[in-house]
Amino acid sequence: MKTTLVTCTLIAAGALLVNSTHAQTLPANVKKALADTAKSAAASAPKKTSIADKTKGNKKMEGLFTVYLDTANGNTQIFVSKGQLGKKYIYQSFSENGPASLGLNKGTYRDNAVICIKKYYDRLEFQRMNTNFYYDPANPVSKSADVNQPEAIFLTEKIVAEDSTGYLVSGDGLFMGEKLDQIKPTFPPGIPPGAVFNLGGLNPGKSQLVKVRAYPLNTDVVVDLAYDNPMPFNGGGKDIADARFNRIRVQHSFLELPEDNFKPRLDDPRVGFFTEEVTDQTSISPTPFRDMIHRWNLVKKDPSAALSEPVTPITWYIENTTPVEYRDVIKAAGEKWNEAFEKAGFKNAVVMKVQPDTATWEAGDIRYNVIRWVSSPYPAYGAYGPSFVNPLSGEILGADIMVEWYSGSFTPVYDEIFNNPGSPAMAGSNLPLNVTTATFAGATQPAQQALANSAKPEMCNMAAELKMQFLTGVTALEAAGAPDNELKEMHKQFLYYLILHEMGHTMGLMHNMKASQMLSPAEINNTEITHKLGLQGSVMDYPAINVSLDRSKQGDYYTTKPGPYDLWAIEFAYTPTASETEEAAFRKRILARSNEPGLMFGNDADDMRAAGKAIDPRVNVNDLTSDAVGYADDRFKLVNLLMGKLKTKYARPDASYAELRARYNLLNGQRNSMIAAVSRYIGGVYIDRSFVGETGATKPYTPVPLAYQKKAMDVLARNVFAPNAFDADAQVIPYLQTQRRGFNFFSTTEDPKVTAVYNTLAVGAISHLLHAQTLQRITATRLYGNQYTAVDVLNDLTRAIFDADINGNVNVYRQYLQTTYVKALAQMLAERGGYDDIAQAAARNTLKKLKAKLTATPAANEEVKAHRGNLVFLIDDATTVK
Ligand SMILES: [Zn+2]
């Protein structure tokens, strides 16, 4: 296997200036005179400052790079040996303390790069290498490697002293700023000042070195970077002590390139691993990809054995800050992955240990893989499993798992639901009363969250999603009067799943949002099946918690083992091969299995969590079973059932109604998730990524069958659009009181604005169906099998939204729903660029028919008359040529 070709040219500037062969031809006397002159010049020249002078009294920290700290003023210097010039090093940065709202919270893995240092006259240049391309050295074109892909020179430092072995330069420019890694997130375009909290300008004078951990193969430099923002427009959240002054703790880690004969394994679209993307610039293939998956370097102790221990196992430490009662569950979940590695020929590949209380190393030390705990003011995730790699090979060099303390909690915490931008549950009182039609352009991320996520694109925010699912399970059990040990069992399964999932990320696995489709509703509660296979094809999904509507049939709440897909993926990634021929045969054999039951795969790019995004509805979050629509129908029933029990259960004596209100929002969050799972089937397209001729392969694109699209429409009609869809909530609404805290009702009146909640749910359903991309696809797929036309979809929607009360009273919820629908159709006509002609024709046709329908029957009362008068006005306004 050839490795990626990355060159780092070394300029030896001094060597160009002396012509030594010429000097040898001079007569002896001339030579002596020249030598004497040189000697006397050297004697009269000012004495060069030595490294010893420049570092006198400094604290010296010897490691991969030796760092000197001036203990009088805090300045740093770095010594670069001559042997280190031109060599490639891995750079990895971490944020160790900072606001989650900027993605700078503890344990966040940031930049990963290959850097190189070279000498240019009297200074050292620090370069970042471009690792995106490969050139086959046997191809003459490889001589032009590096052309049109300039390296980034991010810093030059004047040499302050040197000796025969190397050079001393200031370290402050390298460590005390953003040259290595951009810490302050770029302000999102189009966001007005004050809309988001951000850092001000870097203040090097207030920035300082915290510590250096120096080892032969790596040097970690931990610094506090200070930022000043004298007049901030946005004060940030409660985690910000003073928005004018912030300090961010960052760790810069430098590592020697490993010399361990690691063999990169190339990626494949049928299985989901994080990768280093590399394009072969000398290939004539239509897919000249040499993308290398992220994987650990596992080598068999006994290469001839079918099952062998690895020379170096993947060793994990459970941080000694971990609550004692959780340690056994975490250890068992980690060790459970060994089942998967046995498929690849390794036993005891994963070793789980507890960090002793007497340990002298810290969790931030990159030589240790640690499951760490934090309790953040605004947790952006429940857990997060990052790793870092050698960008030249994809070899995973280290990993951590960060678990938020709130993953241990059984109660919805106020801030989690109402103030956390990552929370999928809805905060009724924070929504505008009239949800604007702008929503139909597709849900956009809140700006602050977008800013936070920009720091870590591979972020796993399983957190909020899984926690909300877990709390729904808790509510269901508590409402049913389940005993404590059952609640504890549910929490155990939740934590076990969380660790299995994050551990999977650290093995290199990306999300598999299709995996929760493995079992049918009839199988999902059958523990004979689920204990053998798991509930899902993979633990890398964000499933709905499996809470059975019928308690007597309850099986497992979460899957408790890596699923068939996980076993297959680990086998693909980690099975050793001895030669390129063996590798090719192995790949062909294992990848041909991609259509076996349980091996289905689709990642975050394929998932349909946002309206209008992606195309295959089976790839989604918060869904479960191969009949996700039917499963969601049951979940709507469960939510209605629980609504009826909320007051009895959560209006607790001697307490305010805050918990009742949080549970109410939680249950509406469930409705929101179900709407997002169900509505995507309308206009959906099933994807098959099989290669040509593979067993079980179908066509790459198959529109969802008409009957199933209609089933989805029916579930939405009954549970979201029907006049009685939210009747179960009526008994709770007068009790939805937020507890007064200080003056928290100043900016908004405190009454529960539930019409906004229900309208948001309706918008959630409509926004996907009326999204320009969905409607365009509904029409395009008719060319290859879709039987549900845009006109049919709008007819069914209109029926569901208008027919039930056309001859009677229209309740408040339906008045908002009907108005929202008409506004959305009007917007389709106005937005000529966004919608295709057939979608616009369908909208115009619908509005015309709707006007006829609304004017054909007399209104039951004046309220209905006023409402319909407004609708007709909106229709006329939208359809009249101006
Ligand atoms: Zn994840």
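Q: Is Leu174 buried or exposed?
A: The relative accessible area of Leu174 is 2%. Buried means under 20% relative accessible area (1.4 Å probe, protein chains only). Leu174 falls under that limit, so it is buried.

Q: What kind of model is this?
A: Residues are numbered from 1 along each chain as its sequence is written, and side-chain values use heavy atoms, with hydrogens and water left out. Local features need pLDDT of at least 70, side-chain atom pairs count only at pLDDT 80 or more, and totals for chains, interfaces and linings use all residues; the model is predicted.

Q: In which helix does Leu174 lie?
A: Helices are DSSP runs (H or I, at least four residues), numbered from the N terminus. Leu174 belongs to the run of residues 172–175, which is helix H4.

Q: How far apart in space are Leu174 and Phe126?
A: In sequence, 48 residues separate Leu174 from Phe126. In space, C-alpha to C-alpha, Leu174 and Phe126 are apart by 8.9 Å.

Q: Are the rings of Tyr497 and Tyr558 stacked or edge-to-face?
A: Planes under 30 degrees apart count as stacked, and over 60 as edge-to-face. The ring centres of Tyr497 and Tyr558 are 5.8 Å apart, and their planes stand at 20°. The pair is therefore stacked.

Q: How many residues apart in sequence are the parts that Tyr497 and Tyr558 tie together?
A: Tyr497 is in helix H10 (residues 484–506). Tyr558 is in the loop between helix H11 (527–533) and helix H12 (564–574). The pair therefore ties together parts whose separation in sequence, in residues, is 61.

Q: What is the relative accessible area of Tyr558?
A: Tyr497, the partner ring, is buried, with a relative accessible area of 0%. Tyr558 is also buried. The relative accessible area of Tyr558 is 1%.

Q: Which residues form one aromatic cluster with Phe65?
A: The cluster is built from Phe and Tyr residues. Together with Phe65, its members are Tyr89, Tyr91, Phe175 and Phe254.

Q: Over the ring of which residue does the charged end of Arg290 sit?
A: A charge sits over a ring if NZ of Lys or CZ of Arg is within 6 Å of the ring centre and within 35 degrees of the ring normal. The charged end of Arg290 is 3.9 Å from the ring centre of Tyr134.

Q: How far is Lys647 from the ring centre of Tyr735?
A: Lys647 lies over the face of Tyr735. From Lys647 to that ring centre, the distance is 4.8 Å.

Conventions. Rings of Phe, Tyr and Trp (its six-membered ring) pair if their centres lie within 6.5 Å; planes under 30 degrees apart count as stacked, over 60 as edge-to-face and the rest as tilted. Helices (H or I, at least four residues) and strands (E, at least two) are DSSP runs, numbered from the N terminus. Buried means under 20% relative accessible area, exposed over 50%, partly exposed in between (1.4 Å probe, protein chains only).
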